[in-house]
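Q: Please look closely at one part of this structure and describe it for someone who has not seen it before.

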Amino acid sequence: MAMRWYVVQAYSGFENQVKRSLEERLVRFDLQDSFGRVLVPTEEVIEIRDGQKRKSERKFFPGYVLVEMEMNDETWHMVKETPKVLGFIGGKADKPAPITQKEVDNIMRRVEEGAEKPRPKVLFDAGEVVRVTDGPFKDFNGVVEEVNYEKSRLLVAVQIFGRSTPVELEFYQVEKA
C-alpha cells in the first residue's frame, strides 16, 4: 500500500508536541514502515521587537499536523489515540481522505521558500496609512506608495509643511495606523 499525506487536527499550540508524540509512538508500536514524515508546516518571518530584527517561525496551518502514512486500522488507531489529537480532517470519521499531491507540493514549496526567504510578519499594501515610529519622521503619518518585500522597504508619502513628500523607510520604522 502506498503512503499518502493526511491532515491531523491537534489542539492549537500543541502541534510540535503532537509531532513528537506521533514519532515516539510509531517507534514504540513498531510502525515505522507504515509512516513517512510528520510535518508541522512553518515559515520563517521577520519581526521587529525593540528596534531589533528578529527571525521567528510562524505556523501557516495552526492546529494542524501533516502525516505521511499508510492508512489501515492499526495506523488510524495509533494516530487517533495520540494525546492532543482531535482527529483527521477530510473524508469520513472512520475513513479519512488524503490530501492531493498538488496540495502537498504547494505546502512543501511554501515551507522551503519560507526557510530561504523569511517573510515580514506584517504585510503592507499600497494606499495603506502607516505611522512612522523611528527616524527623523517619527510620529508622522503617511500613505504607503510602494512596497519592496525583497529589500524590506516602503516608499511612504509623508505630509511635511503641507506638501506630500516621498520618504523611503525600512519595515521596522513604521507600524499600521
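In what sense do strand 8 (residues 129-132) and strand 9 (residues 141-148) pair, and over how many bridges?

A: This is a predicted model, in which local features need pLDDT of at least 70 and side-chain atom pairs count only at pLDDT 80 or more, while totals for chains, interfaces and linings use all residues. Residues are numbered from 1 along each chain as its sequence is written, and side-chain values use heavy atoms, with hydrogens and water left out.

Strand 8 and strand 9 pair in the antiparallel sense, over three bridges. Strands here are DSSP runs of E with at least two residues, helices are runs of H or I with at least four, and both are numbered from the N terminus; two strands pair if DSSP finds at least two bridges between them. R131 has N141 of strand 9 as its bridge partner.

Strand 9 is also joined to strand 10, by six bridges, and these two run antiparallel. Here V144 is bridged to V156 of strand 10. The hairpin of strand 9 and strand 10 has four residues between the strands, and S152 takes a positive phi near 55° in this hairpin.

F161 is not a glycine, yet its phi is positive, about 50°. Most residues other than glycine have a negative phi. F161 counts as exposed because its relative accessibility is 85%; exposed means over 50% relative accessible area, buried under 20%, and partly exposed in between, with a 1.4 Å probe and protein chains only.

Another positive phi, near 55°, is that of D30, which follows helix 1. D30 lies in the loop between helix 1 (15-28) and strand 2 (35-39). With 61% relative accessibility, D30 also counts as exposed.

As for helix 1 itself, E15, V18, S21, L22, R25 and L26 are its buried residues. They cover an arc of only 125° around the axis, so they are on the same side of helix 1; the arc is that of the directions from the helix axis to the C-beta atoms.

R25 is buried yet has no salt bridge, and the nearest side chain of opposite charge, E81, is 4.5 Å away. A salt bridge needs a side-chain nitrogen of Lys or Arg within 4 Å of a carboxyl oxygen of Asp or Glu; Lys and Arg count as positive, Asp and Glu as negative, and His and the chain ends are not counted.
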